[in-house]
Amino acid sequence: PGPHSVLYKGLMLPALVHSTESLRYAQLGFQVRDRDIFSVTYPKSGTTWMQELLTLIHSDGDPQLAQSVPSWERVPWVEQTTAAGFLENRPCPWLISSHLPCGLFPTSLHGSNAKVIYTVRNPKDVCVSLYYYSKMASFLEFPEDFGEFVELFSAGKVLFGSWFQHVKGWLGLRDRLNFLLLTYEEMHQDLRGSVERICQFLGKPLEARALDGVVENASFQAMKQNRMCNYSLVPENIMDQQISPFLRKGVPGDWKGHFTVAQSQAFDRLYQEQMQDVGIQFPWD
Ligand code: PPS
């Protein structure tokens, strides 16, 4: 691994917030509780959005908490170096994020009653979003050429490994876990309906006014202005938002302005090959 990366069981991760110890703690030390609520995502698939939604649902649509505590403290990542500090004495129920593929996830999930919300996004848009993120984040490797980046992404040579392995791994567990599958695209198309689905899954129905509060405060515009989730608290030498804002475009389909026809066709072939047995119809299929 390069100076910015840590290699753990075949996975290459930014050393800024990950270490061998933090990954080992996540997988083997961390004790999942029945009332834990996990938001699991491959990077750039709606992580920050789900952190905001879960916080707002938890606070009945009141933005006070979302506007006063950074997203990464409200819904911390179990695999990061700060995890134990945030999670050891957590109240219950608690909200936890993770980018981990299922094989490296806390093993105590199995046999627990914890809830898992898995959010998946069109991989071509994930690839574009990750390209700009790699450009603005000083801790990520970055080839200028987008075509080269598509190849790295297709081969799983990016942080958290292959999108295909991540998605197939988690979807393969969906019948064995307390599991809700959401897509970034359906959240974009019908945020209110998606929030209702999340509330139903969590067994936390909200009144119309509270629902309004969640939807208003989790809009792209509202989140862009919230310093507690727009990553403006991170120093510019780590994330340079002049190069590309963290909340960049926030729409499905941006890949169309980035992939060439040939790149898109090659990716579609790989996608067919990898996903043919998954048996789920996605909005982008
Ligand atoms: S990370 O680094 O893995 O935590 O990134 P993640 O939050 O998963 O993904 C960032 C992308 O999600 C978009 N985003 C949103 N889109 C629509 N509405 C809302 N509210 C929203 N919040 C975050 C964000 O803009 C990134 O996508 P791109 O395509 O780069 O704009």
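Which residue takes a positive phi in the hairpin of β1 and β2? The first view below shows where to look. The model is predicted, and each view is a close-up of one part of this predicted model.

Strand β1 covers residues 5–8, and strand β2 covers residues 11–14. The two strands pair in the antiparallel sense, over four bridges. Leu7 has Met12 of β2 as its bridge partner. Two residues lie between the strands of this hairpin, and Lys9 is the residue that takes a positive phi, near 45°. Lys9 sits in the loop between β1 and β2 and is not a glycine. Lys9 is exposed because 11 other C-beta atoms lie within 10 Å, and 12 or fewer count as exposed.

Lys44 lies in the loop between β3 and α2. Its phi is near 65°, a positive value in a residue other than glycine. Is Lys44 buried or exposed? Lys44 counts as buried, because it has 26 C-beta neighbours inside 10 Å.

Cys92 and Pro93 are joined by a cis peptide bond, with omega about 5°. Pro93 belongs to the loop between α4 (83–87) and β4 (94–98).

**View D. Phe38 and the largest nonpolar core.**
The largest nonpolar core holds 65 residues. Among the residues with the most contacts inside this core are Leu13, Phe38 and Ile117. Helix α5 gives the most to the core, with seven residues. In soluble globular proteins, nonpolar side chains tend to be buried together. Phe38 is placed in strand β3 and counts as buried because it has 25 C-beta neighbours inside 10 Å. Leaving out residues up to four places away in sequence, Phe38 touches Ile96, Ser98, Ala114, Lys115, Val116 and Ile117. The C-alpha atoms of Phe38 and Trp77 are separated by 9.4 Å, and the two residues are 39 apart along the chain. Leu13, with neighbours within four places in sequence left aside, has contacts that include Val6, Tyr8, Leu159 and Phe160.

**View E. The buried side of helix α7.**
Helix α7 runs over residues 163–171, and its buried residues are Trp163, His166, Val167 and Trp170. Why are these residues on the same side of α7? They cover an arc of only 90° around the axis, which means that they share one side of the helix. An α-helix has 3.6 residues a turn, so residues three or four places apart point the same way. The cover over the buried residues of α7 includes β3 (36–41), β5 (115–120) and α5 (123–136).

**View F. The shell around the ligand.**
How many residues surround the ligand? There are 21, and the closest are Thr47, Thr48, Ser129, Arg248 and Gly250. The elements that give two or more residues to this shell are α2 (47–58), α5 and α11 (220–225). By type, the shell divides into seven nonpolar, nine polar and five charged residues.

**View G. Trp72 in helix α3.**
Trp72 is found in helix α3, residues 71–74. Trp72 counts as buried because it has 21 C-beta neighbours inside 10 Å, and 20 or more are needed for a buried residue.

Notes
Residues numbered from 1 in each chain as written. Predicted model: local features only at pLDDT ≥ 70, side-chain atom pairs only at ≥ 80, totals over all residues. Arc of directions from axis to C-beta. Contact = placed C-beta atoms within 7 Å. Near = placed C-beta within 6 Å. Nonpolar A, V, L, I, M, F, W, Y, C, P; charged D, E, K, R; others polar. Core = buried A, V, L, I, M, F, W, Y, C linked by C-beta atoms within 7 Å. Pairing = 2+ DSSP bridges.
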